Amino acid sequence: MIKFLDLQKINLAYQQEIEEKLLQVFRSGWYLLGNEVKNFEASLATYIGSPNAIGVANGLDALRLIFRAYLELGQMKVGDEVIVPANTYIASLLAITDNRLKPVFAEPEIGNYNLDIAKLEALITPKTKAIMVVHLYGQICWSEELEAVAKKYNLKIIEDNAQAIGAEWNRIKSGNLGDAAGFSFYPGKNLGALGDGGAVTCKDPILAKIIRSLANYGSQEKYVHEFQGLNSRLDEIQAAVLDVKLKYIDTDTGKRREIAEKYIAGITNPKIILPNLPAASKEHVWHLFVIRIDKRDELQQYLTENGIQTLIHYPIPPHKQKAYKYYNHLTFPITEKIHNEVLSLPISPFMEEEEVQKVIELINNY
Ligand SMILES: *Cc1c(COP(=O)(O)O)cnc(C)c1O
């Protein structure tokens, strides 16, 4: 069987280095708020080119904490509006609504599944404070037009960078394009921990300080609490593992790009809509390779029967989830079409050439 993502294989590629680190942390007796997190934060900040990186417990918390910090700073207040793509994972929405901010849904472009920047300005009201861009499936969502709109209306740009670590726009890495960005190190992400993990990068040092404090009980000095914070920390073990894996992220991304290019060149079945190659190859890190087809479930079943595991990212859009009953009446035709038609093919840095060829062949014979 060809797995959608063989995490065991991915992590065993770095077995020796990771095991040494794990043993070192285990023996050190220091498991939280220590040097491993400091080192990883420094490595991540350098890699992204951002002046600040803060390790947190997961990707959702990274995004939640960014908005929470803006509220604490008085730069946003309860009820303010945040523009967010309707076509995203629910975490993007949860970060907004958890802070009692109001999401304003934006339709994606059908060509790249990301927020349609041309339609952004029409959604702006006097209450709009921020735009959340999601670099969905690993593809950069950014343009000069976006920068101009944000500047014109004095809006913050928050990046949901959970899927796109290492992507670049004009030599600037995702996570350093906007005002602040949330990263996820969920095991299946391109940089995956051995459990949950996340990080925030941001430009403003004051914002960084507040986020760091909020993630640690609202405290910068032990037993002194300036905010009603959370407990959302990256632990030493995860940080140590991530610091090892970060060194290889560009090599891994290169392998993902090769597979994506092979799929695009090799899949010729006219029933399939392939993703477009981005204007520059660095704009996509191919966290997911997502195709579209009219009768998606039938193709998925055919591939399953032939030993190929696929997934759907995502089957139900956030505004149609029970969790958001009060948005269920809204309709976003492009978003809903995408949710009905997408299918994610296996892709990972350690997928074998014959596996790639088998996927291509089976899809072409469908
Ligand atoms: C994975 C993901 C998140 C949340 O990350 P967790 O670490 O699972 O909390 C947020 N946004 C997007 C787009 C994601 O893919």
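Trainee: How many residues of domain 1 are in contact with domain 2?
Mentor: Keep in mind that this is a predicted model. In it, 33 residues of domain 1 touch 34 residues of domain 2. The assignment places 7–106 + 113–243 in domain 1 and 249–365 in domain 2, and their C-alpha centres are 24 Å apart.

Trainee: What is the area buried between domain 1 and domain 2?
Mentor: In general, the size of an interface is often expressed as the accessible area lost when the parts come together. Here that comes to about 3000 Å², with carbon and sulfur atoms giving 60%. On the side of domain 1, the residues losing the most area to domain 2 are Y113, Y137 and N190, which together make up 25% of what that side buries.

Trainee: Nice. Which residue forms a salt bridge with E352?
Mentor: That is K9, whose closest N and O atoms to E352 are 3.0 Å apart. For polar contacts, the count between the two domains is 18 residue pairs.

Trainee: And which element gives the most to the side of domain 1 that touches domain 2?
Mentor: Several elements supply at least two residues each: α1 (7–12), α5 (90–97), β3 (102–106) and β6 (168–169). Of the elements on that side, α5 gives the most, with four residues. Sorted by class, the side of domain 1 facing this contact has 19 nonpolar, nine polar and five charged residues.

How values were computed. Residues numbered from 1 in each chain as written. Predicted model: local features only at pLDDT ≥ 70, side-chain atom pairs only at ≥ 80, totals over all residues. Heavy atoms only, no water. Domains from an automatic or database assignment. Contact = heavy atoms within 4.5 Å. Buried area = accessible area lost by both parts, 1.4 Å probe. Salt bridge = Lys/Arg side-chain N within 4 Å of Asp/Glu carboxyl O. Polar contact = N/O pair within 3.5 Å; in protein donor to acceptor, adjacent residues only side chain to side chain. Nonpolar A, V, L, I, M, F, W, Y, C, P; charged D, E, K, R; others polar.
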